[in-house]
Amino acid sequence: MERKTVFLGDSMTAGYGVSRGECWVDGLPELAVNRGINGDTTAGMLRRFRAHVLAEFPERVVIMGGLNDLGEGLSWEIPAGNIAKMCAWAQREKIQPIIAICIEPNYDEFLASDWAYLLPGIRSIPQKLAALNDWLRRYADEQNLLCLDFAKEFPRRIPDEYCRYFLDGEHPNRFGHAILREIAREALYS
C-alpha cells in the first residue's frame with residue numbers, strides 16, 4: 001500500500017526556478033503531495049497547516065522552512081518554534097513529522113545577489129541558519145524524529161564546485177534538485 005507524504009515548505013520545496021518534474025519532490029517513490037510555496041515563512045506554513053496537511057490525510061509530513069524567516073531579520077528561534085508547533089500538531093493527528101534541513105546557500109553568490117537588497121536580514125543569515133540547523137538536529141534527535149539533513153548530505157555528494165548546483169546562490173538548479181531527490185529517496189524510502 002502506498003503511503004501519502006505531504007512536503008510542506010517554501011521555494012526550496014516548491015521547486016523555484018526548475019521545470020515541472022525537476023523538483024526534488026517530483027519522482028519520489030510514493031504518493032508525494034508538494035505543498036511548497038515560494039517566499040513562504042514558517043508562520044505562513046503554520047497558518048496553512050490545516051488546509052495543506054491535515055486535509056490531505058497523509059501518513060507523513062516533511063517540514064522544511066526557516067530561511068525566509070531569517071531573511072526577514074527574525075531570530076532563528078522564531079522558525080524553530082513554528083516548526084516545533086507543526087511537529088506537535090502532526091503528532092496529535094497521528095501524522096509522522098519529518099524534519100528537513102535545507103541546503104546551505106552558496107553564500108558568495110547569495111550575499112552578492114539582488115537578494116542582498118530585498119532581504120533586510122541577509123547578512124546575518126549564515127550565523128542564524130547554522131544555529132537553526134543545529135537546533136533542528138537536536139530537536140529531531142530529542143523527539144525521535146527522522147531528520148532529512150540536506151545541509152550535511154548535499155555537500156558530500158557534489159563532485160565539483162558547490163556553486164554549479166545553484167540558480168542564484170540560494171535555489172538549487174535541476175542538477176542540485178537531482179541530488180536532493182537522491183538524498184530524500186535514500187532517507188525516506190530505504
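Analyst: Two strands count as paired if DSSP finds at least two bridges between them; a strand is a DSSP run of E (at least two residues), a helix a run of H or I (at least four), numbered from the N terminus. Heads-up: this is a predicted model, where local features need pLDDT of at least 70, side-chain atom pairs count only at pLDDT 80 or more, and totals for chains, interfaces and linings use all residues. Residues are numbered from 1 along each chain as its sequence is written, and side-chain values use heavy atoms, without hydrogens or water.

User: What makes β4 and β5 partners?

Analyst: Three bridges join β4 (residues 96-101) to β5, and at least two are needed, so they pair. Ile99, for example, has Cys147 in β5 as its bridge partner.

User: Why are β2 and β5 called edge strands?

Analyst: Because β2 (31-36) and β5 (147-149) each pair on one side only. The open, parallel sheet runs β2-β1-β3-β4-β5.

User: How do you know that helix α9 packs on the sheet?

Analyst: Helix α9 (residues 150-157) touches β3 (60-64), β4 and β5, with contact meaning heavy atoms within 4.5 Å.

User: Where does Asp69 lie?

Analyst: In helix α4 (residues 67-71). Residues touching Asp69 include Thr41, Leu74 and Asn82.

Note on methods. Axes fitted to C-alpha atoms, helices over the stretch in contact; angles between N-to-C directions. Lists of a residue's contacts leave out its neighbours within four places in sequence.
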